[in-house]
Structures are given as C-alpha cells and as structure tokens.
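The sequence and structure come first.

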Amino acid sequence: MSIAIVREYLKQFEASERILEFPVSSATVELAAEAVGCQPARITKTLSFKLGEGCILVAAAGDAKIDNAKYKQRFGAKAKMLDPEEVAAFTGHAVGGVCPFGVPQEVQVFLDVSLKRFETVFPAAGSSNSAIEVTPEELERFSRARGWVDVCKGWE
C-alpha cells in the first residue's frame, strides 16, 4: 500500500505522524481542498510526465496549469503526461495519491514556483484519501527535489 511506503519514508524527517487520513476521497484538487478545509490553490498536485525513458514529477499549486512552452524550454521536450498504468509503474503511487515522497531514486522531482506563495501546502501522502501539511521548504527537503522550476501558468 502506497501510504505505508510514504509513512515509512517520512519517518526519517520525523513527519510520518503528520499524515492526515480522511474518511472521504481527496483524489482531486477540489476533493482534497474540501477534505482539508482550505482553498484549492493550497493543494499540491503532483503531475507525472514522461521524459526520455523515465519520468519526472512536477509538484504545483492546485490552481496552476502546465505551460507547454515553459515546460519545453526547461526540460527540452514536449510535456507528455503518463497514463495511469505508467504512473503506478514509475512512481509506485496510483493516480489520486501521487506525491513526491517515497518514489524510486531515478524519478526526478521538481517543484513549481506557484507553491512558494503559501506558508503551507498539502500534497497527497500516497493514497486517494490522504495529505500532509508542509511548508514549501519542507516539501523541498522531504521530496529531495532537484530544484524549483517555473513551468506553470494561470496562478499569478
């Protein structure tokens, strides 16, 4: 179970007890915002893209959308989202619970600057009914992100 992997992974940061589990689905930005009780923009969606033979994850604010031109300029390829089977195979997480925690080492994680405007944000924690509240700095540290990128639009 993916949430168990995330819970174990977050122990090294003494953050596993901060995982929130809900009696309702938090699989979409809107559902997660309702479950958490925050504005949708503070939900961190983790988007999975095919890049070369592997995949990258881009964590972005709930109100941000990928800007194809910015993405191509940053990563040198067209933004091609993974299908649900590929997401699970590459990341170990199913769609609805994809998060930047506990993913295989070869999966590169990037954080979009759209998240930096909030004191705390809520990424999923490996299941379709979980989240964890983290600061952008914690998100960077816990995800072992390769860095901050500017590949989204619509949130400014």
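## Strand pairing around β2

Gly52 has a positive phi near 65 degrees in the hairpin of β2 and β3, where two residues lie between the strands. Helices (H or I, at least four residues) and strands (E, at least two) are DSSP runs, numbered from the N terminus; two strands pair if DSSP finds at least two bridges between them. This is a predicted model, in which local features need pLDDT of at least 70 and side-chain atom pairs count only at pLDDT 80 or more, while totals for chains, interfaces and linings use all residues. Residues are numbered from 1 along each chain as its sequence is written, and side-chain values use heavy atoms, without hydrogens and water.

Strands β2 and β3 (residues 54-61) run antiparallel and are joined by eight bridges, with Thr44 opposite Ala61 of β3. Thr44 also has Pro123 in β7 as a bridge partner; β2 and β7 pair in the parallel sense over two bridges. Strand β5 (residues 80-81) is antiparallel to β2, again with two bridges, and Lys80 in β5 is the bridge partner of Lys50.

## Helix α5

Buried residues (under 20% relative accessible area, 1.4 Å probe, protein chains only) of α5 (136-143) are Pro136, Glu138, Leu139, Phe142 and Ser143. Seen down the axis of α5, they fall within an arc of 155 degrees (directions from the axis to the C-beta atoms), so they line one face of the helix. Their packing partners include α1 (2-10) and β2 (43-51). Arg144, which follows α5, has a positive phi near 55 degrees.

## Ser127

Ser127 is in the loop between β7 and β8 (130-132) and counts as buried at 12% relative accessibility. Its contacts (heavy atoms within 4.5 Å) include Ile3, Gly96 and Gly97, not counting residues up to four places away in sequence.

Note on methods
Buried means under 20% relative accessible area, exposed over 50%, partly exposed in between (1.4 Å probe, protein chains only).
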